[in-house]
2 protein chains.
Amino acid sequence: MSKISVMVNGLPGNVASTLIPHILADENFSLIPASLTGPDTLEEQVSCCGVNFSLIKPADRDAWISDVLLKNSGLVAIDYTHPSAVNANAIFYAKHQIPFVMGTTGGDREALSESILQSSTCAVIAPNMAKQIVGFQAMMAHAAENFPDLFKGYTLRIEESHQSGKADTSGTAKAMVRYFNSLGIPFNVDAIEMERNPERQENVWGIPAEHISGHAWHTYTLRSEDGSVCFQFTHNINGRDVYARGTLDAVSFLRQKMIMGCKGQVFSMIDVLKG
Amino acid sequence: MSKISVMVNGLPGNVASTLIPHILADENFSLIPASLTGPDTLEEQVSCCGVNFSLIKPADRDAWISDVLLKNSGLVAIDYTHPSAVNANAIFYAKHQIPFVMGTTGGDREALSESILQSSTCAVIAPNMAKQIVGFQAMMAHAAENFPDLFKGYTLRIEESHQSGKADTSGTAKAMVRYFNSLGIPFNVDAIEMERNPERQENVWGIPAEHISGHAWHTYTLRSEDGSVCFQFTHNINGRDVYARGTLDAVSFLRQKMIMGCKGQVFSMIDVLKG
């Protein structure tokens, strides 16, 4: 199979930057040394992993992309930009028939889908690119749908730890609460126990020192009324590599769909998991 | 709703005995003070929770049951007997149109199903009556079927602890291995780590002293190749109360199905979970 040309938009942001070494190390991909940026960016270039990326402003991008597409047929875009850019970027990708993986959250999600459905390109839209987490959520959704009240009478405790810069409660944990509710456990998202203290993260939780600044640890503990049964589900993620891996799997999936002739379709990570 | 008449066969066996206090404490059930037994039993009675149960031998049971059924319409049988009795008991229940919950393992399982399908009664057949475990297995089965290779590249560790009298490896853990294989992890059942040492169970595992003689603890740990992701699933059961609860839920489910006019149907615990 020939290499897939990829452009990463959102440099020098954290998640976008994490992708670069993975793409460079993977022989299935070739990287475009440029990245879409906002109108207010002052820099013209940014360096990452020894590669200089040209930063392309909105006013310049239509002219610029035509040239890129001539030399890189089958280009796939990855978007880890900003909520305010989500919809304009989607319209840009659609206009130029560039399939894209939208990892940026926020914006008008309905308009986002609509701009793909009416286009001749396709996209994977996913608020969480960690395939295994998405798979676990699908398992929970399956149980919630098919086995209402499976855990009726059980108590639930949810503990999560993230880097201290994350102010809000884990979105993954909040999504999981809905499933537990369907499974018969009354539980409010306010009861999720958040840990943001680096000292406790290292000494009580045992989170490796090098990941105190970037991790997502979750534990759900269910106990039966009489205390005789205990279930515990844990998913601990250190760093952002798992999101990079999932993003690249989504790129490969999308390229395959385009080769098969798909047009105007919106996919989720569940579709990527199903392969 | 009127009470459901229940007979428990397999007294004074461990699991059958565990059921008695649950049935006596539950106002939805009324208990027949008798239990089917094998041809070689010497005792004529057995006492459990202050109730004297007549032990009914195979030669006497046809005459005996006719009288019981006259006084207890809607009787449901629970079978926790012996592998060698499974098929003869099923034929007996079917002949007398008694719906039954078969918790006994072994025997000819195909013949077991056949004897129900050709009868005008119904049965719940389940090797594991713990509803939450069955539900978790169904979640895993769903993932294995829909997301092949979700955990490709991950390593797996399975640890289980049971009372020292249990010689073989956990059947639940072995069943789970098949799902993990489908999810992309090569793993042989021989690699399941068994704990049967009471001292380590108490001091290393933290299993309550009163449950060293009867417990089923399982932990599955999955780690990504680069070590950045860890998933852990644990289900710890102390004592046998959870199986009793599940068995009685199966009885209620079966009674409902009979009232609805079902005939010749075999149900699983998954059907009971779906309600």
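This is a predicted model: local features need pLDDT of at least 70, side-chain atom pairs count only at pLDDT 80 or more; totals for chains, interfaces and linings use all residues.
Trainee: What rotation superposes chain B on chain A?

Mentor: A rotation of 180°, with 0.0 Å of shift along its axis and an RMSD of 0.1 Å. The superposition is by least squares on the C-alpha atoms of residues with pLDDT of at least 70 in both copies. The two copies are thus related as by a two-fold rotation axis.

Trainee: OK, the interface. How many residues does the contact take from each chain?

Mentor: It takes 34 residues from chain B and 34 residues from chain A. Contact means heavy atoms within 4.5 Å. Of the interface residues of chain B, 100% are also interface residues in chain A, so the copies meet through the same surface.

Trainee: And how much area do they bury between them?

Mentor: About 2,900 Å², with 65% of it on carbon and sulfur atoms. That is the accessible area (1.4 Å probe) that two parts lose on being put together, summed over both. In chain B, Gln132(B), Met139(B) and Phe147(B) lose the most area to chain A, together 22% of what that side buries.

Trainee: How many salt bridges cross the interface of chain B and chain A?

Mentor: Zero by the rule, which asks for a side-chain nitrogen of Lys or Arg within 4 Å of a carboxyl oxygen of Asp or Glu. Over all chains, the search finds 20 salt bridges.

Trainee: Show me one. What does Arg196(A) form a salt bridge with?

Mentor: Glu160(A), with the closest N and O atoms 2.8 Å apart. Arg196(A) sits in the loop between β10 (193–195) and α7 of chain A and Glu160(A) in strand β9 (residues 155–162), so the pair ties together parts 36 residues apart in sequence.

Trainee: Is Arg196(A) buried or exposed?

Mentor: Arg196(A) is buried, at a relative accessible area of 15%. Glu160(A) is buried too, at 0%. Buried means under 20% relative accessible area, exposed over 50%, partly exposed in between (1.4 Å probe, protein chains only).

Trainee: New topic. What is the strand order in the open sheet of three strands in chain A?

Mentor: β3-β5-β4, with mixed pairing. β3 (34–36) and β4 (45–48) of chain A stand at the edges with a single partner strand each, so one side of each has no neighbour in the sheet. Strands are DSSP runs (E, at least two residues), as are helices (H or I, at least four), numbered from the N terminus. Two strands pair if DSSP finds at least two bridges between them.

Trainee: How do β3(A) and β5 of chain A run?

Mentor: Parallel, joined by three bridges. Ala34(A) stands opposite Ser54(A) in β5(A).

Trainee: Last one. Which residues of helix α1 in chain A are buried?

Mentor: In α1 (residues 14–25), they include Ala16(A), Leu19(A) and Ile23(A). Among the elements covering the buried residues of α1(A) are β1 (4–9), β6 (76–79) and α8 (241–259) of chain A.

Note on methods:
Residues are numbered from 1 along each chain as its sequence is written. Chains are lettered from A and ligands numbered from 1 in the order in which they are written. Side-chain values use heavy atoms; hydrogens and water are left out.
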